Amino acid sequence: MQYVAPIGVGLLYALLMSLIPQPHRRRFNAIMVAGAGAAYLSGGGLGGWEFAFTAVATCLAYRGLESWTFIGAAWLLHTAWDVVHHIKGNPIIPFLHTSSLGCAICDPVIALWCFAGGKTPRELLEWVRGARERKEPRGPSRAGDEFRLRRRSTPQEQTLEEPAHD
């Protein structure tokens, strides 16, 4: 259960965060990951390295105010820091010895959601369906009598292109 529950926590986090409308959702998550970056400061288990980590996490969180990618990267950086603390035996919650391990399992779930653009469950489902449809073959190709539509930025720029004959 100590491995499954953190995944559920990460999914619940993403679900609850998706209730916040954009662009506030991205900015709020940047603030959340900045706070997570400072979570180990009070324990001081790695000395001055705690301050260095917090500085890097804060820079990523600041860039995350305008980019989900930086928020995701900050969560992955926090995952690595969780692993270091778990191995060193200095957990994020002092009386729960596997709390850093749980955090290291939960954080990549949140990072994946961030790398997907912090979408709502409905948007994620539409995004996945769209990706699946783009990968499905469109049927057999008849090179001799088929024209392809080349996409341009405006309808006036769309042109028909004949397939190349080898």
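**Figure 1. A look into the largest pocket.** In this predicted model, the largest pocket holds about 180 Å³ of space. Which residues line the largest pocket? Start with P6, V9 and Y13, then pick out M32 and A36, move on to W75 and H78, and finish with G102, C103, C106, D107 and I110. By class, that lining splits into nine nonpolar residues, two polar ones and one charged one.

**Figure 2. The helices around the largest pocket.** Four helices each bring at least two residues to the lining of the largest pocket: α1 (5-17), α2 (24-37), α4 (68-88) and α5 (99-115). Which of them gives the largest share? That's α5, with five residues.

**Figure 3. The second largest pocket.** Here we move to a pocket with about 160 Å³ of space. Its lining is made of 13 residues, and if you head for the centre, the ones lying nearest are L11, A14, V109, W113 and L124. Two or more lining residues come from each of α1, α5 and α6 (121-135). This time α1 gives the most, with four residues. Sorted by class, the lining of the second largest pocket has nine nonpolar residues, three polar and one charged.

**Figure 4. Inside the largest nonpolar core.** How many residues make up the largest nonpolar core? There are 17, and the ones with the most contacts inside the core are Y13, V33, I71, W75, I110, W113 and C114. At least two residues of this core come from each of α1, α2, α3 (49-64), α4 and α5. The top contributor to this core is α5, which gives five residues.

Figure 5. What does V33 touch once you set aside its neighbours within four places in sequence? Its contacts are then A61, I71, A74 and W75.

**Figure 6. How confident is the prediction?** Across the protein, the mean pLDDT is 85, and 81% of the residues reach 70 or more. Take care with residues 143-147, though, where the pLDDT is below 50. In the model, this stretch has eight contacts beyond near neighbours in sequence.

Note on methods: Residues are numbered from 1 along each chain as its sequence is written. This is a predicted model: local features need pLDDT of at least 70, side-chain atom pairs count only at pLDDT 80 or more; totals for chains, interfaces and linings use all residues. Side-chain values use heavy atoms; hydrogens and water are left out. On a 1 Å grid over the protein atoms alone, a cavity is a set of points where a 1.4 Å probe fits but cannot get out, and a pocket is an open set with protein on both sides within 12 Å along at least five of seven lines; lining residues have an atom within 4 Å of a point. Grid points are joined across faces, edges and corners, and a volume is the space filled by probe spheres set on the points. Ala, Val, Leu, Ile, Met, Phe, Trp, Tyr, Cys and Pro count as nonpolar, Asp, Glu, Lys and Arg as charged, and the others, Gly among them, as polar. A nonpolar core is a set of buried Ala, Val, Leu, Ile, Met, Phe, Trp, Tyr and Cys residues joined through side-chain atoms within 4.5 Å. Buried means under 20% relative accessible area, exposed over 50%, partly exposed in between (1.4 Å probe, protein chains only). Contact means heavy atoms within 4.5 Å. pLDDT is the predictor's confidence in each residue, from 0 to 100.
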